[in-house]
Amino acid sequence: DLNRQSGSTHVLSILSDLDGGRAEAVLKVLNGRRDELRRALLRRTHHISSAVLQDFDWQLKLSLSSSQISSLQTPLLSLSLDVREGGATRPVTMEMNREELNTLISSLEAANKVILEVKDCVPYAESTPD
């Protein structure tokens, strides 16, 4: 399986400080306990939050003025999220300026990078935690 080979190569690169025999032994243990590690990671991430993004919508607005400034002309993003948690869906709405949106995008990109790194080491399975 190509994904497993890619994950093994990634793990070996992380363990490059160990001599070849030890790195291979660690890799053998990780491969032997792959399913157990995957379930543990799923349980651990599930405990962070069981909320799931159900749907989203966004609008770009141009704020022409405010109570303090007569000519503002600031673009604002209005983001509406439908978040499902425990069978109930709740709306979450936020409004962001350009800097806040850039911060959100950077945070989401960093989170995605971490997910991809974990996915390389332990392939994700479409199952629920035990």
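Analyst: Leu 18, Val 26, Leu 30 and Leu 37 together make a nonpolar surface patch of about 260 Å²; keep in mind that this is a predicted model. Leu 18 sits in the loop between α1 (2-14) and α2 (20-32).

In soluble globular proteins, nonpolar side chains tend to be buried together. For that side of the story, turn to the largest nonpolar core, which has 5 residues: Leu 77, Leu 79, Leu 81, Val 83 and Met 96. Strand β2 (residues 74-85) supplies the largest share of this core, 4 residues. Met 96 has contacts that include Leu 77, Leu 79, Leu 101 and Leu 104.

Now for the strands. β2 pairs with strand β3 (residues 88-96) in the antiparallel sense, over 9 bridges. The two form a hairpin with 2 residues between them, and Gly 86 in the turn has a positive phi of about 60°. Glu 85 stands opposite Ala 88 in β3, and the side chain of Glu 85 also meets that of Arg 90 in a salt bridge (3.8 Å, N to O).

That is one of 3 salt bridges in the structure. Another joins Glu 95 to Lys 61, with the closest N and O atoms 3.8 Å apart. Glu 95 lies in strand β3 and Lys 61 in strand β1 (residues 52-63), so this pair ties together parts that are 34 residues apart in sequence. Arg 33 also forms a salt bridge with Glu 36, where the closest N and O atoms are 2.6 Å apart.

Notes: Residues numbered from 1 in each chain as written. Predicted model: local features only at pLDDT ≥ 70, side-chain atom pairs only at ≥ 80, totals over all residues. Heavy atoms only, no water. Core = buried A, V, L, I, M, F, W, Y, C linked by side-chain atoms within 4.5 Å. Buried < 20%, exposed > 50% of the residue type's maximum accessible area, 1.4 Å probe, protein only. Contact = heavy atoms within 4.5 Å. Patch = residues over 30% accessible without salt bridge, like charges linked within 9 Å, V, L, I, M, F, W, Y side chains within 5 Å. Areas by Shrake-Rupley, 256 points an atom, 1.4 Å probe, with all protein chains shown as cover. Salt bridge = Lys/Arg side-chain N within 4 Å of Asp/Glu carboxyl O. Pairing = 2+ DSSP bridges. Lists of a residue's contacts leave out its neighbours within four places in sequence.
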